[in-house]
Amino acid sequence: MKEPSPKAHFVRLAGVLGVAFVVFLTLKAILVPSSWDYDNWYRGDALELNASYELAYGGNDSCVACHQDTMDEFSQAKHQQLSCESCHGALADHVKDGVKIADAHMDDESRWQCLNCHEARVNKPKDFPQFDKITINEHKELDDEMLCIACHSPHDPTP
Amino acid sequence: MPEIESHDTKNLIIKERSTEPDSRREFLQHLLAGTATATVLMVFGPGVNARSKYANPTDGPEHQYAYVIDINKCIGCGNCVRACKRENSVPEDYFRTWVERYVVNADGVYVDSPKGALEGFEKLNKRFRKNIKISRTVPKMCNHCHNPPCIQVCPVGATFKAPEGFVLVDEDYCMGCGYCVQACPYAARFINPVKHKSDKCTWCYHRVQKGLLPACVTVCPQKARLFGDLNDAESEVSKIFEADQWMVLKPEMHTDPTCFYIGMPREVV
Amino acid sequence: MEQLGLPGDALVNYIFPNNAHVTWSIMIVIYPYITGLVAGAFVLSSMYHVFGVKEFKPIANFALVAAFSFGLFAAVPLLFHLGQPQRFYQIYMTPHTTSAMSIFGYVYSSYLVLLMIEIWVIYRKVFIEKANEATGRMRNFWWVLCLGITTYNPESAKFDKQFAKFLAGIGIPWACLLHGYVGFVFGSVKAVAWWATPLQPFIFLSSAIVSGVAMMFMMYSFIMWRRGQGYDYVMVKKFIITLWMAFILDYALEVLEITFVSYEQGAHWAVIKPLLLGPLYESYVLGQMGFLSLGPLLVLGIASLLDIKDKSLLYLGNLGSLMLVLQVLVMRFNVVVGGQLISKSERGFVDYEFEFFAKEGLLTATTIFIMPFVTYYIISRFIPIFEGKSIDTEPKRLH
């Protein structure tokens, strides 16, 4: 074989690197997402993706459609500013496509739902209605088993 | 994106108070009380940047959302933590939002956040109940900063600031490297152990785009969490912002958060 | 309370809920460690190829091939760490240049290419000889490596040498960038008190060189011992002196960092002090800054300054090198994991437990770490690294 020029291998190396570069540019053209926002550096379609997640909570307006009567009582009483779902769970666990799929959550076997807000804690604002065990048990002759809802309807807690 | 009229936003926030006859007076009373407290407690300013940066955009988008947390009102019930977990399928042991309890007594500062306050707070241990100077519960979440270090460090552009102020994650692009988690001074971000991607509070972008409020705001019994449009001068957040008695977390980090705290004790980090 | 060693007047250890999980773990400890070995080995090699340090001629190609072996596996820990490793290519497609990490893809790949070309240019003659000797599939393999040119033109030697020198020359700042950027990735994170310092890139780089040189020393000793050949004691001495001086610089930077932050008494020190006196006491105070630094300073100092010319050089050198190889590994751990032990609540520290079998655990790390040595061994079966058949390597035997 004729002796190659002393720099021939560099030419070949440059060729290999050149091909690699072209392959790289081609891959780049294919793989960079088409909605890429070059000014703000993110994939434009990500906004739509983030907006597409399923809702779980519907807000009080979504309850009123079926439960107007409860709402009539509720909206005049002391708990009127509360979210229905904060006690009864998310709409999506109760209704799907306008049809009931399960009962809404109802804590009618413990005091937890009431005490969660109303049991006294040092960190709660002083003007917030809170009770310690003594005040709660001063309620006539109550035993520890008696539920708050025996006398206090959650929708209209004034006994 | 559906058009949200600015008056719709106002109604969304005020709606749940509209049945209260004295809402406006009570609001002003709260504001006054909050102002007095905050003035006494305020040690450092919220940051070097001028307030106008947040509230007076010229060519900005139609909405400039902001979040207000009123610590004077929060009771630490944990409704927000539970709602967020349900709404956004947040895995156990990780939090898009959580609530901390601060108890400052003569000996120092006690802070706890049992399961992020998912089940509220138990009674404070007797040890810490002596000589309490102040005790408050402080909700935390992503601050959706204007100068977010998390966005700066993302190597591929998988997290970004949406036009209306939301800092979002592109879960179809995130590689899960975790650099954003390290960079956030507020520990608001985490790598979702189920999805293996970065995750954080999105101010319920998917809800706001449909004209609803974030889940946490929806379920708060005390209106301690407020969400609204700074472009709407009638919105509660605008009024609170203008009253200028708010603080932000870790202002020295120069992240320019858009979560504004009212009534925040100086010990809160 | 002071006695609890907690910052922020904390009465109990309080960490932010999302801080409980340490996101950057063993994989992120060994990643800079391996790139550090690459940088260190390369600098050693370039001391001959660029600066003409004659004593290092016998190990110049060895260090280069070792650098390449380590370099092949430098990104593997990252692939194990990524939550979505199949999306790794995105760092080439849309690198976000506000992020130091975004340059990794390009810097790493180009550096590997540089290493490959430099090795190629140095070993071309060997490849051509092998191509002419071999038959069957192996012949094809060598032919590809020769890029199809299987006749050696002796006139090409001087061009090859020039080009090798050029590559080794730009390779030094390139290796510095490859490893220095890692220091920058950490040092620029204002949210993590233990990481945030402008000294970080320099500390990482200088410790990288130390680890690379030390590892090369131990590998050289082992290989020469296995081959039953003698040792080049003149080179060994210079090797030890180089290592000692590199470490003095590195230790000076590490001491400067801690001195500065403790002197400043600022927000960083408030959380760093209880970290170093608490969870990181054994690994930082006793280990990294104590025994694993003072030991090598002493041992290598003795070997450098005293008139020792025989096998004792090897014992002292290897003892010092072993301690340094560990010192740098422990330092990486202290920085990466240690930084995350400080909760951003500024009132508590996170518990860290080593995982063994997990995806990012110790077993994975050990396996990844063994691979470069296996690779080096395989390469050494194909091309002569110490036999002097490349363009300009001839080992001196002085025993």
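Modeller: What follows is a short tour of a predicted model, taken one topic at a time.

Colleague: Let's start outside, then. Which residues form the nonpolar patch on the surface of chain C?

Modeller: The patch is made of Met138(C), Phe141(C), Ile370(C), Met371(C), Val374(C), Tyr377(C), Ile378(C) and Phe382(C), and together they have about 670 Å² of accessible area. The elements that give two or more residues to this patch are helix H6, which runs over 136-145, and helix H13, over 362-382, both in chain C.

Colleague: And which element gives the most?

Modeller: That is H13(C), with six residues in the patch. Tyr377(C), one of the patch residues, has its place in helix H13 of chain C, and with a relative accessible area of 49% this tyrosine is partly exposed.

Colleague: Switching to rings: how many aromatic pairs are there over all chains?

Modeller: A search of the whole structure finds 54 of them. One of these is formed by Phe70(C) and Phe369(C), whose rings are 6.4 Å apart centre to centre with 45° between the planes, which makes the pair tilted.

Colleague: Where do Phe70(C) and Phe369(C) lie?

Modeller: Phe70(C) is in helix H2 of chain C, residues 57-73, while Phe369(C) is in helix H13 of chain C, so the pair ties together parts that are 299 residues apart in sequence. Phe70(C) counts as buried, at 1% relative accessibility.

Colleague: Why is the pair of Phe88(C) and Tyr89(C) called edge-to-face?

Modeller: Because the planes of the two rings are at 85°, with the centres 6.4 Å apart, and an angle over 60 degrees counts as edge-to-face. Phe88(C) is partly exposed, at a relative accessible area of 41%, and Tyr89(C) also counts as partly exposed, at 27%.

Colleague: Over in chain B, which residues do ring pairs link into a cluster?

Modeller: The cluster holds Tyr65(B), Tyr67(B), Phe166(B), Trp203(B), Tyr205(B) and Phe227(B).

Colleague: What sits over the ring of Phe95(B)?

Modeller: The charged end of Lys85(B) does, at 4.2 Å from the ring centre.

Colleague: New topic: how many disulfides turn up over all chains?

Modeller: The search of the whole structure finds zero.

Colleague: Are Cys84(B) and Cys259(B) buried or exposed?

Modeller: Cys84(B) counts as buried at 9% relative accessibility, and Cys259(B) counts as buried at 0%.

Colleague: Back to Cys204(B): what is its phi value near?

Modeller: Phi of Cys204(B) is near 45°, a positive value in a residue other than glycine. This cysteine lies in the loop between strand E8 (198-199) and helix H7 (205-208) of chain B, and at 7% relative accessibility Cys204(B) counts as buried.

Colleague: And where is Ala117(B) found?

Modeller: Ala117(B) is in the loop between strand E3 (109-112) and strand E4 (132-141) of chain B. Its phi is near 75°, a positive value in a residue other than glycine, and Ala117(B) counts as buried, with 0% relative accessibility.

Conventions: Residues are numbered from 1 along each chain as its sequence is written. Chains are lettered from A and ligands numbered from 1 in the order in which they are written. This is a predicted model: local features need pLDDT of at least 70, side-chain atom pairs count only at pLDDT 80 or more; totals for chains, interfaces and linings use all residues. Side-chain values use heavy atoms; hydrogens and water are left out. Patches are made of residues with over 30% relative accessible area and no salt bridge: like charges are joined within 9 Å, nonpolar side chains (Val, Leu, Ile, Met, Phe, Trp, Tyr) within 5 Å. Accessible areas come from the Shrake-Rupley method with a 1.4 Å probe; for residues, only the protein chains shown count as cover. A salt bridge is a side-chain nitrogen of Lys or Arg within 4 Å of a carboxyl oxygen of Asp or Glu. Helices (H or I, at least four residues) and strands (E, at least two) are DSSP runs, numbered from the N terminus. Buried means under 20% relative accessible area, exposed over 50%, partly exposed in between (1.4 Å probe, protein chains only). Rings of Phe, Tyr and Trp (its six-membered ring) pair if their centres lie within 6.5 Å; planes under 30 degrees apart count as stacked, over 60 as edge-to-face and the rest as tilted. A charge sits over a ring if NZ of Lys or CZ of Arg is within 6 Å of the ring centre and within 35 degrees of the ring normal. A disulfide is a pair of cysteine sulfur atoms within 2.5 Å.
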